[in-house]
Amino acid sequence: GSSTEAGGPSRDVAETPGVDEFVEVLGACADGLELCFLNACQSYELARSIVDRLGHTGLCVICWATDVADGPASAFASHFYRLIGTKPCIDVEDAYREALDAWQRAYRLGDPRAPRSADLPPADR
């Protein structure tokens, strides 16, 4: 492996780009881009910046306005992408609503870490 000064192992750390850099890169790739899914805690401000600068392209952005645990975030994403993958002509907003309905059967809005039931299919848990 690679090493740092003093001969120790390197510690590769991913650096999160700033909002401007992220939106700039996304804009450069946005030709024909229909959806940006920000499956991360408190990603609303980034989503707002994307919509403000690229919304005129018809780009739809999905994000979390709150903190979200990995399990609930994965459950929502899994259901959403399953809908997109199995119903190729489904509208993004319809897929979002259906995924949110399934998610709300298992989790509460406002505290996504608090399970309500095990209504989601096994692949969504």
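This is a predicted model: local features need pLDDT of at least 70, side-chain atom pairs count only at pLDDT 80 or more; totals for chains, interfaces and linings use all residues.

I looked up Arg-48 to start with, and it counts as partly exposed at 34% relative accessibility. My cut-offs: buried is under 20% relative accessible area, exposed is over 50%, and partly exposed is in between, with a 1.4 Å probe and protein chains only. Residues are numbered from 1 along each chain as its sequence is written, and side-chain values use heavy atoms, with hydrogens and water left out.

**Salt bridges**

What does Arg-48 meet in a salt bridge? Its partner is the side chain of Asp-52, at 3.1 Å from N to O. I take a salt bridge as a side-chain nitrogen of Lys or Arg within 4 Å of a carboxyl oxygen of Asp or Glu. Both residues sit in helix α2 (residues 44-54), four residues apart, about one turn of the helix. Helices here are DSSP runs of H or I with at least four residues, strands are runs of E with at least two, and both are numbered from the N terminus. Asp-52 is exposed, at 53% relative accessible area.

I counted five salt bridges by this rule. Another one joins the side chains of Glu-98 and Lys-87, at 3.6 Å from N to O. Glu-98 is in helix α4 and Lys-87 in the loop between α3 and α4, so this pair ties together parts eleven residues apart in sequence. Glu-98 is partly exposed at 32%, and Lys-87 is partly exposed at 38%.

Then I checked Glu-93 and Arg-97, whose side chains form a salt bridge at 3.3 Å, N to O. They both lie in helix α4, four residues apart, about one turn of the helix. Glu-93 is partly exposed at 46%, as is Arg-97 at 42%. Asp-94 joins Glu-93 and Arg-97 in a network of salt bridges.

**Cores**

I moved on to the nonpolar cores, meaning sets of buried Ala, Val, Leu, Ile, Met, Phe, Trp, Tyr and Cys residues joined through side-chain atoms within 4.5 Å. The largest has 18 residues, and Phe-37, Ile-62, Trp-64, Phe-76, Phe-80 and Trp-103 touch the most other members. Helices α3 (70-86) and α4 (92-106) each supply at least two residues of this core. A second, separate core has nine residues, including Cys-36, Ala-47, Ile-50 and Leu-59.

**Rings**

Rings of Phe, Tyr and Trp (its six-membered ring) pair if their centres lie within 6.5 Å; planes under 30 degrees apart are stacked, over 60 edge-to-face, the rest tilted. That gave me nine aromatic pairs. Phe-37 and Phe-76 have ring centres 6.0 Å apart and planes at 45°, so they are tilted. Phe-37 lies in strand β1 (residues 35-37) and Phe-76 in helix α3, so the pair ties together parts 39 residues apart in sequence. Phe-37 is buried at 15%, and Phe-76 is buried at 5%. Ring pairs link a cluster that includes Trp-64, Tyr-81, Tyr-96 and Tyr-107.

**Helix packing**

At what angle do α3 and α4 pack? I got about 140°, with their axes 9 Å apart. Axes are lines fitted to C-alpha atoms, for helices over the stretch in contact, and angles run from 0 to 180 degrees between N-to-C directions.
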